[in-house]
Amino acid sequence: MTGTETGSGNRTGTETGTQIRAGTGAENGPPAETQTETGPGTGSRAETGTTIESLLRVESASVTLGGRPALEDASLTVDPGELVGLIGPNGAGKTTLLRAVLGLVPLASGRVRRPSGHPVGYVPQRHEFAWDFPIDIAGSVMSGRTRSIGWLRRPRAADREAVDRALELAGLTELRRRPIGELSGGQRQRVLVARALAAEPGLLLLDEPFTGVDVPTQEHLNELFRRLAGEGKALLMTTHDLAAAARTCHRVVLINRTVVAEGGPELLADSEQMLRAFGLHRAATAAGAVAA
Ligand SMILES: Nc1ncnc2c1ncn2[C@@H]1O[C@H](COP(=O)(O)OP(=O)(O)OP(=O)(O)O)[C@@H](O)[C@H]1O
């Protein structure tokens, strides 16, 4: 696979600096590395005679933050056309996993692999974004595409077209000249989605996109995410809205510092797995009440 790899420790290889375009200064992506995969179980899976290459593979990733493990031995994949929900309690490591994929936090061990040629779009949680910046929606969405290592590249015709399409997809065309500081929560959420889409990503990382948005906006985003998956993009979304996840996601991954279970959205109705994912099983085990 020709791709980008973020891993722990030192590596050798030809690095070509594939760029990640993201919403919060994550433009300096991890270095790209050319590597060859052989044999089954190394990144491609055979399906009906064709080979599907995952757009994201997280392999045994561990991250330590503030001296404590935030993520331990977590593995997941997201294939083209898949919308995967990352579900778990507060502090489970969901945002940490997304940030590790972006190379914003270092891996203590494990690795993240992505094929090259597919930019990553990142929709951070709204409170992580600087909304007091004096810029309108169109300018903000454009900077999601043209900003690189702290400076803005001059927009070209293709950039303007990509921004127009992103604004349209996010339902922001009419509002494009509104200063971002004057927007409602739901409008801000759509700006973050449009910023990420302006980069024409193959892989989209969404951190709690439904928080505080009204029902019509949630329906709009739901539809948009499904449509993007239908176009062959890979989406990984954290959410605490289990109903929305059950409705929208093709697959869900339950996480509580490590991956507890994964499967179809019906997993969200599996009370034992949900109890495990949400820490109750762990707490009971720690107290010696329940055998592991
Ligand atoms: N900058 C940091 N320094 C130290 N610890 C951190 C830092 N950021 C996160 N953590 C810790 O890492 C763990 C995982 O946090 P993370 O934000 O990934 O969880 P989350 O699953 O996204 O939670 P939530 O649902 O509340 O958003 C938590 O215990 C958190 O306190």
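Trainee: Which residue stands opposite Ala261 in S15?

Mentor: In this predicted model, the residue that stands opposite Ala261 of S15 is Leu254.

Trainee: And how do S14 and S15 pair, in the parallel or the antiparallel sense?

Mentor: Strand S14, which covers residues 251-256, and strand S15, which covers residues 258-263, pair in the antiparallel sense, and five bridges connect them.

Trainee: What about the turn, which residue there has a positive phi?

Mentor: That is Arg257, with a phi of about 70°, and it sits in the turn of the hairpin that S14 and S15 form with one residue between them.

Trainee: Switching to helices, at what angle do the axes of H2 and H4 cross?

Mentor: The axes of H2 (residues 137-146) and H4 (residues 185-198) cross at roughly 40° and come within 7 Å, which makes H2 oblique to H4; the crossing in which H2 passes H4 is right-handed.

Trainee: Which residues make that contact?

Mentor: On the H2 side they are Ile137, Ser140, Val141, Met142, Gly144 and Arg145, while H4 contributes Val191, Ala194, Arg195, Ala196 and Ala198; by class, the contact of H2 with H4 has seven nonpolar, two polar and two charged residues.

Trainee: Now the ligand, which residues are around it?

Mentor: Around the ligand are Leu65, Gly66, Ala70, Gly88, Asn90, Gly91, Ala92, Gly93, Lys94, Thr95 and Thr96, and this shell divides into three nonpolar, seven polar and one charged.

Trainee: Which helix gives the most to that shell?

Mentor: Helix H1, residues 94-102, gives the most to the shell around the ligand, with three residues.

Key: Residues numbered from 1 in each chain as written. Predicted model: local features only at pLDDT ≥ 70, side-chain atom pairs only at ≥ 80, totals over all residues. Pairing = 2+ DSSP bridges. Helix = DSSP H or I, 4+ residues; strand = E, 2+ residues; numbered from the N terminus. Axes fitted to C-alpha atoms, helices over the stretch in contact; angles between N-to-C directions. Parallel < 35°, antiparallel > 145°, perpendicular 65-115°, else oblique. Left-handed = near helix turned anticlockwise from the far one by under 90°. Contact = placed C-beta atoms within 7 Å. Nonpolar A, V, L, I, M, F, W, Y, C, P; charged D, E, K, R; others polar. Near = placed C-beta within 6 Å.
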